Amino acid sequence: MASTPKNKLGIRGWVCGGRYVVERYAYIIHRISGIGILVYFILHIFVTGSRLGGPEKWHSTMSFFETPLFKFGEYLVFAAFAFHALNGLRLFFNELGFLIGKPARPVFPYKTSIHHQRPWLIVLMILAALFIVVGGLDFYILGE
Amino acid sequence: MRESTLWRWHMLAGAVVFFLLGLHMVIMHLDDILLAIGAGHGKAIDTTVVFERSKQAFFMVTYVILLGAALYHGLYGMRNILFELTLKKGWETLINRIFIVVGLGLFIYGTYVAVFVFLNGEV
């Protein structure tokens, strides 16, 4: 079996591996948002674990996080989730062979699946943006 | 286990997380909007509301499913990012072991919390 070629660029390859299209930037943000959500999620497991100490412990834990900085961090996680979930939905369908068009012989002028999947990316990103705006309304206007 | 099987589980876990975390986000973070349209049950983070929810079987079960699916999806995704850096075999084995231990540890702890609060309510 052939060995895996060395990834010479490493993490730098995420952003400076060549001329990238919008889907590639969606890929980079997908990874960054995924890492952010994972870190928050692990902390969240311990924070919600404070329920073991009863209502008083829960109340005091929540009071600790009631600062503008934590609130903004929470909103960032919300935004990261909106993006990651909706872009992930696109990737899920792409992986299963949907939304990318049918395979065809490479006859000039060549067609790429970009024409099929980009409209979906645009629609899903508009939805993500709407979700983020609605979240902002809840976090910073109605929730005040 | 074959890598393709792990990847399929990753996708399946992603689909589960999409629905359950979506529901969690709406209930927990869009609670004021839900209240404004008359579909909410009080401030989601309030102590009474939190413990009331924790005592409902639906929330306990979905919490445990979400916990497992999200841990698998997140840790497997992180593992893929790290493996993409073409590490030495020894590092890959170490990462696999650490992620399995961390994942199982967090799952056991989170499940214990959910079940304990469900059974005991306000301790």
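The radius of gyration is taken here over C-alpha atoms, and the globule rule is 2.2 Å times the number of residues to the power 0.38. By that rule a compact globule of 123 residues would have a radius of gyration near 14 Å, whereas chain B has 18 Å. Along the principal axes, the C-alpha atoms of chain B fill a box of roughly 55 × 35 × 20 Å.

The model is predicted: local features need pLDDT of at least 70 and side-chain atom pairs count only at pLDDT 80 or more, while totals for chains, interfaces and linings use all residues. Residues are numbered from 1 along each chain as its sequence is written, and chains are lettered from A and ligands numbered from 1 in the order in which they are written.

Chain B comprises five helices and zero strands, where helices (H or I, at least four residues) and strands (E, at least two) are DSSP runs numbered from the N terminus. Of its 123 residues, 20% count as buried; a residue is buried if 20 or more other C-beta atoms, placed from the backbone, lie within 10 Å of its own, exposed if 12 or fewer, and partly exposed in between. Two residues are in contact if their C-beta atoms, placed from the backbone, lie within 7 Å. Among the contacts in chain B with a separation of 6 or more, 75% join residues 24 or more positions apart.

The contact between the chains takes 34 residues from chain A and 33 residues from chain B. On the side of chain A, α1 (22–48), α2 (54–64), α3 (68–95) and α4 (114–142) each supply at least two residues, and α1(A) gives the most, with nine residues.

Of these helices, α4(A) has 29 residues and reaches 40 Å from its first C-alpha to its last, close to the 42 Å expected at 1.5 Å a residue (the expected span is 1.5 Å times one less than the number of residues). Its buried residues are Phe131(A), Gly135(A) and Asp138(A). Their cover includes α3 of chain A together with α1 and α2 (31–36) of chain B.

A nonpolar core is a set of buried Ala, Val, Leu, Ile, Met, Phe, Trp, Tyr and Cys residues joined through C-beta atoms within 7 Å. The largest one has 26 residues, and those with the most contacts inside it include Phe81(A), Val17(B) and Leu66(B). Two or more residues of this core come from each of α1 and α3 of chain A and α1 (3–29), α4 (57–83) and α5 (89–120) of chain B. Leaving aside neighbours within four places in sequence, Leu66(B) is in contact with Val17(B), Leu20(B), Leu21(B) and His24(B).
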